[in-house]
Amino acid sequence: MFETLEARPADGILALMQMYHDDPRETKIDLGVGVYKDANGLTPVMRAVKAAEHKLWETQDTKVYTGLAGDPAFADALFDLVLDGAVPRETVAAVATPGGTGAVRQAFELVRLARPDARVFVSDPTWPNHISILGYLGMNIERYRYFDEATRAVDFDGMMSDLKTAKAGDVVLLHGCCHNPTGANLNATEWQAVINVLLETGAVPMIDIAYQGFGDGLKEDALATRLVAASVPECLIAASCSKNFGIYRERTGLLMAISQDAGARKLNQDTLAFLNRQNYSFPPDHGARLVTMILNDEALRADWQAELEEVRQNMLGLRQQLAEELRRISGSDRFGFLAQHRGMFSRLGTSPDKVAAMREKNGIYMVADSRMNIAGLNARTIPILAKAIIEAGV
Ligand code: LMR
């Protein structure tokens, strides 16, 4: 029977991972998949995660099922980390999910159950898997302008005029911080203007926050999400622990559905538990438990925050060094946007041909849309990349 299956297009980011892996050149540079790397190119287990795992190994005496929504203590801990009381806890329905992608998937399914004809507005560009999952679920996708190819900053006027076409019953997907794939983000005034449009149109915001702590700081990166949640009647938030806790393979995420209508919270909670049951029954617990232990233990939390801050500062430093090296060798300021962008990624803003040329000639692997993982760089590779960028005629 399976001969009827149709071949699926490969995921561009994952295909690039494989190409990098298969490239025998020792000089190759991986700026592809969004995984943090230190100066030695390693993605170590964070200190607090190791300590929590040790403690868990010593103290955990059962691995019996938690609940369909996961352990409530995890939801409480992540609610505090992301929202910090911006809305009353009792307005928030929450389920643990397999990673941030699981939260995104469950959020889309919740929307589809509530409004099968909803249009989901996504930034152009957005994380390609947003589009892929929406398409797979047969949902309506609308794109709003986001990235100005000339300035490599947010095309705010374009974004606003496109968002104004949303209506009640539609969803607007926003990146809470560290926009993936561009690295270009809204400022506080612009966020407020987006909130005003959401209130005028009645469209429901959905915030994907996968890089909290990688941009301007743990608290700073959550401010926009908190403001949106506190300002609108309903909101969805898909939070990931993959990056900021470095527990990629543990698949740890949380979906929150906020409704200021007290009756709706129970309906949201029951429906999210139902969706978990249909898709995978109980969500994974190991990563969620580690996160809960770290956030609820003063010493572990302090150590985690310190290490996360080192990671953030390291990426900021790499951005500045790359922008500076490009300024030096190009004799122009046209790459200054690299120091303005935030998070793990920057979109260089060049053609797939030039990206392919840099890969073939210099062994530099960035996503075809010219997204670079800044964390894949180090002091040795920055001059190599800068030279390749100039030689490719970017
Ligand atoms: C990325 O954008 O590279 C990450 O979110 C990893 C992924 O699953 O695509």
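Strand E3 (residues 119-124) and strand E5 (residues 171-175) run parallel and are joined by two bridges. This is a predicted model, in which local features need pLDDT of at least 70 and side-chain atom pairs count only at pLDDT 80 or more, while totals for chains, interfaces and linings use all residues. Residues are numbered from 1 along each chain as its sequence is written. Helices (H or I, at least four residues) and strands (E, at least two) are DSSP runs, numbered from the N terminus.

**Sheet**
- Valine 172 in E5 is the bridge partner of phenylalanine 121.
- Seven strands form an open sheet with mixed pairing, in the order E2-E8-E7-E6-E5-E3-E4; two strands pair if DSSP finds at least two bridges between them.
- Strand E2 (92-97) and strand E4 (140-145) are at the edges with a single partner strand each, so one side of each has no neighbour in the sheet.

**Serine 242**
- Serine 242 is in the loop between strand E7 (234-240) and strand E8 (253-259).
- Serine 242 counts as buried because its relative accessibility is 4%, where buried means under 20% relative accessible area with a 1.4 Å probe, protein chains only.
- Apart from neighbours within four places in sequence, serine 242 is in contact (heavy atoms within 4.5 Å) with Ile247, Tyr248, Arg251 and Thr252.

Notes
Side-chain values use heavy atoms; hydrogens and water are left out. Buried means under 20% relative accessible area, exposed over 50%, partly exposed in between (1.4 Å probe, protein chains only).
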